Amino acid sequence: MTNEKCEKCHGRGSYMYDENHAKPCEVCCTHSQGWWKLEEHYGNDNGKYACKNGCGTVVDKDPQAQVDTLSVAN
Ligand SMILES: [Zn+2]
Ligand SMILES: [Zn+2]
């Protein structure tokens, strides 16, 4: 999967979200580091999972569960 045409980061894989801070691009992030569960202190996101790459993507349930299911064939 190429990110050359990513409109958000222009293919760099990260972008500046303010003048001093860069973050991984959530549009073309592969979330390859896995996910960590948000607990307490996260308000509406409590119990959800966030990308360990730090791209800011949050999902409702553990994406690894899907990966495990798909990799059974291996
Ligand atoms: Zn991107
Ligand atoms: Zn990610």
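Modeller: Ground rules: residues are numbered from 1 along each chain as its sequence is written, while chains are lettered from A and ligands numbered from 1 in the order in which they are written. Since this is a predicted model, local features need pLDDT of at least 70 and side-chain atom pairs count only at pLDDT 80 or more, whereas totals for chains, interfaces and linings use all residues.

Biologist: In what order do the elements of the chain run from the N terminus on?

Modeller: We take helices (H or I, at least four residues) and strands (E, at least two) as DSSP runs, numbered from the N terminus. The chain has one helix and five strands. Reading from the N terminus, that gives β-β-β-β-β-α.

Biologist: How many residues make up the largest nonpolar core?

Modeller: A residue is buried if 20 or more other C-beta atoms lie within 10 Å of its own, exposed if 12 or fewer, and partly exposed in between, with C-beta atoms placed from the backbone. A nonpolar core is a set of buried Ala, Val, Leu, Ile, Met, Phe, Trp, Tyr and Cys residues joined through C-beta atoms within 7 Å. Of the chain's 74 residues, 12% count as buried. The largest core is made up of C25, C28, C29, W35, Y49, C51 and C55, so the count is seven.

Biologist: Is H31 buried or partly exposed?

Modeller: H31 sits in the loop between β2 (21-24) and β3. Its phi is positive, about 55°, although H31 is not a glycine. Because H31 has 19 C-beta neighbours inside 10 Å, it counts as partly exposed.

Biologist: And H41, is that one buried or exposed?

Modeller: H41 is found in the loop between β3 and β4. Phi of H41 is positive too, near 50°, in a residue other than glycine. With 7 other C-beta atoms within 10 Å, H41 is exposed.
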